[in-house]
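This report describes how the chains of one model are arranged and how they meet. Please look over the sequence and the structure first.

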Amino acid sequence: MPHLHLEYTANLPELDTDKALLRLNHALVASGQFGAEFDIKSRAVKVESFRVGTAMSPRGFVAVRLALLSGRSPQIKKQLSESLLAVLQDLGAWPADVQVQLSVELLDIDRDSYSKVAIG
Amino acid sequence: MPHLHLEYTANLPELDTDKALLRLNHALVASGQFGAEFDIKSRAVKVESFRVGTAMSPRGFVAVRLALLSGRSPQIKKQLSESLLAVLQDLGAWPADVQVQLSVELLDIDRDSYSKVAIG
Amino acid sequence: MPHLHLEYTANLPELDTDKALLRLNHALVASGQFGAEFDIKSRAVKVESFRVGTAMSPRGFVAVRLALLSGRSPQIKKQLSESLLAVLQDLGAWPADVQVQLSVELLDIDRDSYSKVAIG
């Protein structure tokens, strides 16, 4: 832990996922909440089939979910979320004709049943 | 929020994901639980590599996860889940030789650490 | 339920996902925690865009998330997690030049709002 998932809709093809993930990981390291940079595992997935709401106007989203071990305070979690959103906001510009929503959610993962091993 | 994920196995290729997502979003709007249709962000993903159980007979699934901000009552959540399952049931017919499981799960997302911004 | 997700990074191409999912499902059946083998729904996804930490050395991961209905004891959940990790550890060998992390997380899904139907 932590595990970070970034999803972005296919109508935002100019998103540089390599840059995005590296910046997000740097923000997590800078938070001081995680013991080793090595523990941060992040991935980006392009979503080809999607629908925002029910209207037909062009819309898209970039959605980040950060799964982290349970036990951190509400204040820390809020700060983490806002720091990741700030990274997403810096990634633009977005297409002018697409309404884009950026979001960050945090998900507590049960600490006692998390298992991990590192190899090599 | 909410965020909806639909997964379907590759042996159900006749699933019309555009139609499915639009109907699911309409069901969420109709629930009256979400302030703006614009907030509903849904995506569908085809699963190419999968296994149901341990038997070798043809099986598949359509699995919906609805992530929504914490705080709603058990009764409301149960109604939301059942309304989404009803949409999935209306999407058939499914292949006659595949045992298909349809499921809907709800996942509470911590309200205090959810961050969002809309652009454009 | 349960639903199992396996993600693996694209620099671990020798992972045999068919074998992995079948073994993971057998481990879940063997746990005695699930009423019918038919209920176990598992999938594997290759992650093409990823970043582990902030260093540039070759790194990868195999991450399993098991979503199961709420109500099981911490002891049972810890045993499930460890049995799945043991399966992952048996899947190697991994590339000698990649630092690989194997992990298993468990996620409780609200039992009351879970809806399911089986067809065929």
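## Buried area between chain A and chain C

Buried area is the accessible area, taken with a 1.4 Å probe, that two parts lose on being put together, summed over both. The model discussed here is predicted. In it, chain A and chain C bury about 2700 Å² between them, and carbon and sulfur atoms account for 53% of that area. Chain A brings 32 residues to this contact, and chain C brings 31 residues.

## The fold of chain A

Chain A is built from 2 helices and 6 strands. Along the sequence these elements come in the order β-α-β-β-β-α-β-β. The C-alpha trace of chain A spans about 45 × 30 × 25 Å along its principal axes.

## What holds the side of chain A that touches chain C

How many salt bridges lie across the interface of chain A and chain C? There are 2 salt bridges across the interface of these two chains. One salt bridge joins C:E7 and A:R43, with the closest N and O atoms 2.5 Å apart. Polar contacts across the interface of chain A and chain C come to 19 residue pairs, with both residues at pLDDT 80 or more.

On the side of chain A that touches chain C, at least two residues come from each of β1 (3–9), α1 (17–30), β2 (41–47), β5 (99–109) and β6 (115–119) of chain A. Of the elements, α1(A) gives the most to this side, with 7 residues. Sorted by class, the side of chain A that touches chain C has 13 nonpolar, 9 polar and 10 charged residues.

## Strand pairing between chain A and chain C

Strands also pair across this boundary. β2(A) pairs with strand β3 (residues 49–52) of chain C in the antiparallel sense, over 4 bridges. In β3(C), C:V52 is the bridge partner of A:K41.

## How chain A and chain C are related

Two copies of a chain are related by a rotation about an axis and a shift along it.

The copies use different surfaces, since 6% of the contact residues of chain A recur in chain C.

The size of an interface is often given as the accessible area lost when the parts come together. Between chain C and chain B, about 2700 Å² is buried, 53% of it on carbon and sulfur atoms. Within chain C, the residues that lose the most area to chain B are C:F38, C:S115 and C:I119, together 22% of what that side buries. The contact draws 32 residues from chain C and 31 residues from chain B.

The number of salt bridges between chain C and chain B is 2. In one salt bridge, the side chains of B:E7 and C:R43 meet at 2.5 Å, N to O. The interface of chain C and chain B also has 19 residue pairs in polar contact, both residues being at pLDDT 80 or more. The elements of chain C that each supply at least two residues of the side touching chain B are β1 (3–9), α1 (17–30), β2 (41–47), β5 (99–109) and β6 (115–119). The largest share of that side of chain C, 7 residues, comes from α1(C). The side of chain C that touches chain B divides into 13 nonpolar, 9 polar and 10 charged residues.

## Strand pairing and rotation for chain C and chain B

Strand β3 (residues 49–52) of chain B and β2(C) run antiparallel and are joined by 4 bridges. Which residue of β2(C) is the bridge partner of B:V52? In β2(C), that partner is C:K41.

Chain C is superposed on chain B by a rotation of 120 degrees with 0.0 Å of shift along its axis, at an RMSD of 0.0 Å. Among the residues of chain C, C:L107 comes closest to the rotation axis, its C-alpha lying at 5.6 Å. Only 6% of the interface residues of chain C are also interface residues in chain B, so the copies meet through different surfaces.

How values were computed: Residues are numbered from 1 along each chain as its sequence is written. Chains are lettered from A and ligands numbered from 1 in the order in which they are written. This is a predicted model: local features need pLDDT of at least 70, side-chain atom pairs count only at pLDDT 80 or more; totals for chains, interfaces and linings use all residues. Side-chain values use heavy atoms; hydrogens and water are left out. Contact means heavy atoms within 4.5 Å. A salt bridge is a side-chain nitrogen of Lys or Arg within 4 Å of a carboxyl oxygen of Asp or Glu. A polar contact is a pair of N or O atoms within 3.5 Å; within protein, one must be able to donate a hydrogen and the other to accept it, and residues adjacent in sequence count only if both atoms are side-chain atoms. Ala, Val, Leu, Ile, Met, Phe, Trp, Tyr, Cys and Pro count as nonpolar, Asp, Glu, Lys and Arg as charged, and the others, Gly among them, as polar. Two strands pair if DSSP finds at least two bridges between them. Copies are superposed by least squares on the C-alpha atoms of residues with pLDDT of at least 70 in both.
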